Amino acid sequence: MGLNSLFDAIVVAGCPPTPAGRPSENMRRRVDKGVALLREGRAPLLLLTGGIRRPTRPCEAGVAAAYAREHHGVQEEALLPETESLNTEQNARFAARALRNRGIQEPRVLVVSDRYHGRRCRLLFAPHFARVEVVSAGNPGWARLMPALVKEMVILSWLRLTLPRPTGR
């Protein structure tokens, strides 16, 4: 961890690429915010999450890492793609495993996602990390935001019913 870093990693929540395999608007916004936090020195590592959701599309983390390298000039040693997760809970679990595999036993992370997705990220990342803060990368335009908000309300309601109550760390 860098001298001025408060976190071990910046975790960018997975986001599907376009059907053509390029970074989607949401992915670009999330990676852009993650890179900005990396450049501010908030953490020494950018951990990009997301596997292959559809056989015809490339790996989310691979597309995000390529965008961070090619568009922002992020060095390879600052990137850690997690290429197995298919949902937010797996983003959290597999990101924690990736950091522990690097010798970080009590990882502290900044999670970057869309504003509407922040509450779910906080709920699902908290059990896996010593410290979690969620940073908003903004929201998509209204046409995409409304269906996303409805989906989040349904998922958050389900999580409240199924997740165990926190007992402290």
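I started at V11 and looked across to strand β4: V11 stands opposite V111 there. This is a predicted model, so I'm reading positions off a prediction. β4 covers residues 108-113, and β1 pairs with β4 in the parallel sense over four bridges.

Next I checked the other neighbour. V11 also stands opposite L47 in β2. Strand β1 (residues 9-12) and β2 pair parallel too, over three bridges.

Then I looked at β2 itself, residues 46-49. Which way do its side chains point? L46 and L48 go one way, L47 and T49 go the other, and all are buried.

On to β3 (residues 79-82). β2 and β3 run parallel, joined by four bridges. Here L46 is the residue that stands opposite L79. The chain gets from β2 to β3 through helix α2 (residues 60-72), and this β-α-β crossover is right-handed.

Now I zoomed out. What is the strand order? I get β3-β2-β1-β4-β5, five strands in an open sheet with parallel pairing. The edges are β3 and β5 (131-136), each pairing on one side only. From one strand to the next the twist averages 25°.

Last entry: helix α4 (residues 118-125). I found α4 packed on the sheet, touching β1, β4 and β5. The direction of α4 makes about 165° with that of β5.

Notes: Residues numbered from 1 in each chain as written. Predicted model: local features only at pLDDT ≥ 70, side-chain atom pairs only at ≥ 80, totals over all residues. Heavy atoms only, no water. Buried < 20%, exposed > 50% of the residue type's maximum accessible area, 1.4 Å probe, protein only. Helix = DSSP H or I, 4+ residues; strand = E, 2+ residues; numbered from the N terminus. Pairing = 2+ DSSP bridges. Right-handed = clockwise from strand over helix to strand, strands pointing away. Axes fitted to C-alpha atoms, helices over the stretch in contact; angles between N-to-C directions. Contact = heavy atoms within 4.5 Å.
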